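Open the model in your viewer and keep the selection panel at hand. This tour goes from the whole chain to single side chains.

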Amino acid sequence: SELYDAAAQEFQRLTRYDRVMVYRFLDDDSGMVVGERVTGEMESFLNHRFPASDIPKQARALYVRNLVRVIPDAGYVPAPLRPAWHEPQPLDLSDSILRSVSPIHIQYLRNMGVGASASISIVRDGALWGLIACHSRTPRHISAERRTACRALAAGLARQIRAREDTDLYRERVRLRTFEDDIVAILSRDGSLDRAISNHVDEIRRMLDADGLAVLRGSDLVVGGACPPESAIREIAAWVLPKAAEAVYATDALGDKHPDAAGRGRHAAGLLAITLSTTEPWVVMWFRAEHLQVVNWAGNPHEKGSGAEGILTPRASFAAWSETVEGRARRWTLPEIEAAGRMRTAVTAVWQNRRILDLNRQLFATLDEKDMLIRQNGYLMREVNHRVPNSLQLV
């Protein structure tokens, strides 16, 4: 948050716009203002969400190609270009800085009370991470030198964001690795694997910061923490078993994926599952309880704008609109999903090694019994030969 705040301050100092926002795209393609600097009477949108429809997919693709887009005057009148172009396909102006923008976007800016805007792309690993969105109430032009400086500053910001995110991921992976090593060491000790898991349910649950854990093997069920009722666990296990057979299955909205589980959101809004065996079956499930979240939107995201004869129009209101999101849990992080996958591999390896050891023990026991029978038969043969005449001795 400090980085976002510093970035908004520096971009405002460089561009002198009235409002500068650090706008981050989320997993569902909606956006959130994570940093902001406002001067004058401009409205603040800090920590507000914008629906994905505000910046559609094709517009996001252009932001990756054109890192800086400037509209000096939202009230401009577009002028047609008539090049000496005789090809069958129209001339592609996607990369032209003078290319006119969609009339819908112009109306969108006017509805926000914006007279000029600039957008600087934040591209991380070739993907659009977010934007620096700059707004001014009155027309404003920024020079080519300042646009170049904005592009360079955005590239530096992208590197800083990547470094901080990678550092957070590294710390989380190290923490989880420590948990994994301890749990695998416990499960690798002598004794029943089922008993080892049953005796350390809480440790396995805490490993992924879950509210509940359920281990179903065949008809046996072991639970720990806050879990749904037993009947619900068995039903969820049957549903998730084929999905987690090859990889880790994770969702923070189980009710959306599995409607029959929607009524159990209190304890099972989030699910992370691994399958250790499909024949018994044997499945491990981590549950996260419902986490109510209040989302502040810049306008009602559920209102669809439409004009005369069905022509698409931008929404007119950006007044704060709050929504309480139910049926969702805290998201499973990438390191947590990776850790569950490694645990699946480790437990499967321990299980297979124990099966091999058990088979070896059975084989050795069988060989010992065979040797004992051979020795007993040899002894009996000698006794018989000793007691009968030579002409009748058994060979």
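Here are the stops, with what to select at each.

This is a predicted model: local features need pLDDT of at least 70, side-chain atom pairs count only at pLDDT 80 or more, and totals for chains, interfaces and linings use all residues. Residues are numbered from 1 along each chain as its sequence is written, and side-chain values use heavy atoms, with hydrogens and water left out.

**Whole chain.** Show it as a cartoon. There are 10 helices and 13 strands (DSSP runs numbered from the N terminus: helices are H or I, at least four residues; strands are E, at least two). Of the 395 residues, 39% count as buried (under 20% relative accessible area; exposed is over 50%, partly exposed in between; 1.4 Å probe, protein chains only). Switch to a surface. The chain exposes about 22800 Å² (Shrake-Rupley method, 1.4 Å probe). Carbon and sulfur atoms supply 53% of that area.

**R49.** Select strand β3, residues 49-50; R49 is found there. Is R49 buried or exposed? R49 counts as buried because its relative accessible area is 13%.

**L93.** Move to the loop between β4 (68-71) and α3 (103-111), where L93 lies. L93 is partly exposed, since its relative accessible area is 31%. With L93, they make a nonpolar surface patch of about 370 Å² (residues with over 30% relative accessible area and no salt bridge; nonpolar side chains, Val, Leu, Ile, Met, Phe, Trp or Tyr, are joined within 5 Å, like charges within 9 Å). A salt bridge is a side-chain nitrogen of Lys or Arg within 4 Å of a carboxyl oxygen of Asp or Glu.
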